[in-house]
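Please consider the following protein chain and its three-dimensional model.

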Amino acid sequence: MAGHSKFKNIMHRKGAQDKKRAGLFAKLSKEIMIAAKMGGDDPDSNARLRLAIATARSNSMPKDNIQRAVQKGAGGGEADLMEEIRYEGYGPGGIAVLVDVMTDNRNRSAADVRAAFSKAGGNLGETGSVSFMFDRVGEIVFPAEVADEDTMFEEALEAGADEVVTGDEEHEILCQPEDLHEVAGVLGEKFGDPKACKLSWKPQNLVPVEAADKAESLLKFMDVLDDLDDVQNVTANFDISDEIMEKLAAG
């Protein structure tokens, strides 16, 4: 992975979303519920649930909230109505976008996502229309202060990771999807609970966005998607230079 800014552009909206604590907890709760529904309520035998709980804890989600989400998932009811859907399409400027949704109302989610694309001048596509431009990877994120760049690089590769990207605020470790649980476990023993631990989409190639106004419009579109109640994750294949990002931040 060339340069720490590659994922910064994609993930900056996650930082904005994290500030909206209630919305973040709702997304985390859904993931816990689905994990418990699919694999049972025992984290020791349910890897997806174990990772979902670890991510919730690292985001300061109260223990009672976590336990309620586990119980809802394992006990059926609300969790039985939930389904996972992936929408694919093109945003402003032809940027490829993947939207992962968890919802109890497919029609509502489709309408909300379609409206966001339409208002931004983009359009939804068929399943597979853009996902071929991305690779499925395991993603583990630690705060930068847990280790220096060299230490994290060595420990992560030793644990089985493929790539390590260190920025000012965090270390991002990428691995094969099937290795996520093992790599996260090894690193967790050394550095504590990660900020995030999940399966993600990694763009195979990035499309540069070179004008500040176009970058601003694109980022607003991504924020609109990310703020939808049913949306869990949004990934796109654009790259905005640090210079433009700084200009937008200053403006």
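How many helices and strands make up the secondary structure of the protein chain? The count comes to nine helices and 10 strands. The model is a predicted one, and every description that follows should be read accordingly. Of the 251 residues in the protein chain, 46% are buried. The chain exposes about 12500 Å², and carbon and sulfur atoms supply 46% of that area. Among contacts between residues at least 6 apart in sequence, 71% join residues at least 24 apart.

Four strands form an open sheet in the order β3-β1-β2-β9, and their pairing is antiparallel. At its edges are β3 (123–124) and β9, each of which pairs on one side only. Strand β1 (residues 83–90) runs antiparallel to β2 and is joined to it by eight bridges. These two strands form a hairpin with five residues between them. In the turn, Gly-93 has a positive phi of about 75°. Tyr-90 stands opposite Ala-96 in β2. Strand β2 also pairs with β9 (residues 231–236), again in the antiparallel sense, over five bridges. Across this pairing, Leu-98 stands opposite Thr-235 in β9, and Val-99 stands opposite Val-234 in β9.

Why is strand β2 described as largely enclosed by the rest of the structure? The reason is that eight of the eight residues in this strand (residues 96–103) are buried. Both faces of β2 are covered.

In soluble globular proteins, nonpolar side chains tend to be buried together. Here the largest nonpolar core has 25 residues. Those with the most contacts inside this core are Tyr-87, Val-97, Val-99, Val-113, Phe-117, Leu-225 and Phe-238. Two or more residues each come from β1, β2, α5 (106–119), α8 (212–227), β9 and β10 (238–240). Of these elements, α8 gives the most, with six residues.

Leaving aside neighbours within four places in sequence, Val-97 is in contact with residues including Tyr-87, Glu-88 and Gly-89. Its other contacts include Phe-117, Val-130, Phe-221 and Leu-225, as well as Val-234, Thr-235 and Ala-236.

The cysteines remain to be considered. How many disulfides does a search of the whole structure find? The search finds zero disulfides. For Cys-175, the nearest cysteine sulfur is that of Cys-197, 7.7 Å away, whereas a disulfide requires the two sulfur atoms to be within 2.5 Å. Cys-197 is likewise in no disulfide, its nearest cysteine sulfur being that of Cys-175. Are these two residues buried or exposed? Cys-175 is buried, with a relative accessible area of 1%, and Cys-197 also counts as buried, at 5% relative accessibility.

Note on methods:
Residues are numbered from 1 along each chain as its sequence is written. This is a predicted model: local features need pLDDT of at least 70, side-chain atom pairs count only at pLDDT 80 or more; totals for chains, interfaces and linings use all residues. Side-chain values use heavy atoms; hydrogens and water are left out. Buried means under 20% relative accessible area, exposed over 50%, partly exposed in between (1.4 Å probe, protein chains only). Two strands pair if DSSP finds at least two bridges between them. A nonpolar core is a set of buried Ala, Val, Leu, Ile, Met, Phe, Trp, Tyr and Cys residues joined through side-chain atoms within 4.5 Å. Contact means heavy atoms within 4.5 Å. Accessible areas come from the Shrake-Rupley method with a 1.4 Å probe; for residues, only the protein chains shown count as cover.
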